[in-house]
Structures are given as structure tokens and as C-alpha cells.
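Thank you for sending this model for comment. I have set out my remarks as numbered points.

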Amino acid sequence: MTLQGKLFCSIYRSSRRSEMYLFVARATGLDAVPKVLREQCGKLVHVSDMILDPKRPLARADVSKVMDEIRDKGFYLQMPPPPDEDLFLAAGHPDNPRGKPS
């Protein structure tokens with residue numbers, strides 16, 4: 001099976017940060033990921049394997065950018081999305097210092 005223009009990757013999630021994922025080439029696995037980054041992620045839990053294809057978009061990242069970074073650096077780190085501004089500012093949210101609506 002040839003993967004012309006495509007990339008077979010593995011996806012791992014961080015045990016330390018919710019919704020942080022690490023994409024790596026399936027063939028090399030975590031070998032190309034710097035030790036410091038692996039330590040910051042905590043235990044990396046394998047989530048899935050998939051074939052990345054520029055014609056098939058990803059939900060939260062530009063598939064071409066993901067593929068380019070995996071090819072160039074050996075990995076792509078998908079950070080958690082920013083917090084929902086409305087939820088963050090809501091009365092009762094622990095990070096709202098006054099606990100009152102803004």
C-alpha cells in the first residue's frame with residue numbers, strides 16, 4: 001500500500017493536560033519527540049493511528065501544517081483549545097476572582 005502525499009501517524013494524549021495531543025509518524029513513534037517535551041506531557045497514552053491526507057481536514061488543526069511539522073520536526077503538538085470566555089467569566093467560576101459577572 002502506498003501513501004503518496006499521505007502520512008501514517010499515531011496520536012497520543014497527555015496525562016497532564018486535558019485535550020493536549022501529540023501526533024507522530026507511525027514508523028518512528030515517539031523517538032523524535034524531545035525528552036523535555038515528553039516529560040512535560042507526563043504519561044503519553046496512545047489514542048489512535050490514522051492516515052493524514054491533505055484532502056481530509058482535521059477538527060482542530062490544519063492537516064497540512066500537522067503533516068509538515070511531523071515531517072520536519074518529527075512531531076506535532078496540538079495544544080488544548082482556549083477556555084470558553086463566557087464560562088471563564090461566569091459568576092462562580094473558580095478563576096473569576098470576584099465571583100461576580102463581569
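The points below concern one serine and the strands around it.

1. The model is predicted, so local features need pLDDT of at least 70 and side-chain atom pairs count only at pLDDT 80 or more, whereas totals for chains, interfaces and linings use all residues. Residues are numbered from 1 along each chain as its sequence is written, and side-chain values use heavy atoms, with hydrogens and water left out.

2. Ser10 lies in strand β1, residues 7-14 (strands are DSSP runs of E with at least two residues, numbered from the N terminus). Ser10 counts as buried because its relative accessibility is 1%, where buried means under 20% relative accessible area with a 1.4 Å probe and protein chains only. Six of the eight residues of β1 are buried, so this strand is largely enclosed by the rest of the structure.

3. On one side, β1 runs antiparallel to strand β3 (residues 44-52), to which eight bridges join it; two strands pair if DSSP finds at least two bridges between them. Within β3, Asp49 is the bridge partner of Ser10, and the side chains of Ser10 and Asp49 also make a polar contact at 2.6 Å (a pair of N or O atoms within 3.5 Å, one able to donate a hydrogen and the other to accept it, with residues adjacent in sequence counting only if both atoms are side-chain atoms).

4. β1 also pairs with strand β2 (residues 21-25), in the antiparallel sense and over five bridges, with Cys9 opposite Ala25. These two strands form a hairpin with six residues between them, and Glu19 in the turn has a positive phi of about 65 degrees.

5. Leaving aside residues up to four places away in sequence, Ser10 touches Leu22, Phe23, Val24, Arg26, His46, Ser48 and Asp49, contact meaning heavy atoms within 4.5 Å.

How values were computed:
Helix = DSSP H or I, 4+ residues; strand = E, 2+ residues; numbered from the N terminus. Buried < 20%, exposed > 50% of the residue type's maximum accessible area, 1.4 Å probe, protein only.
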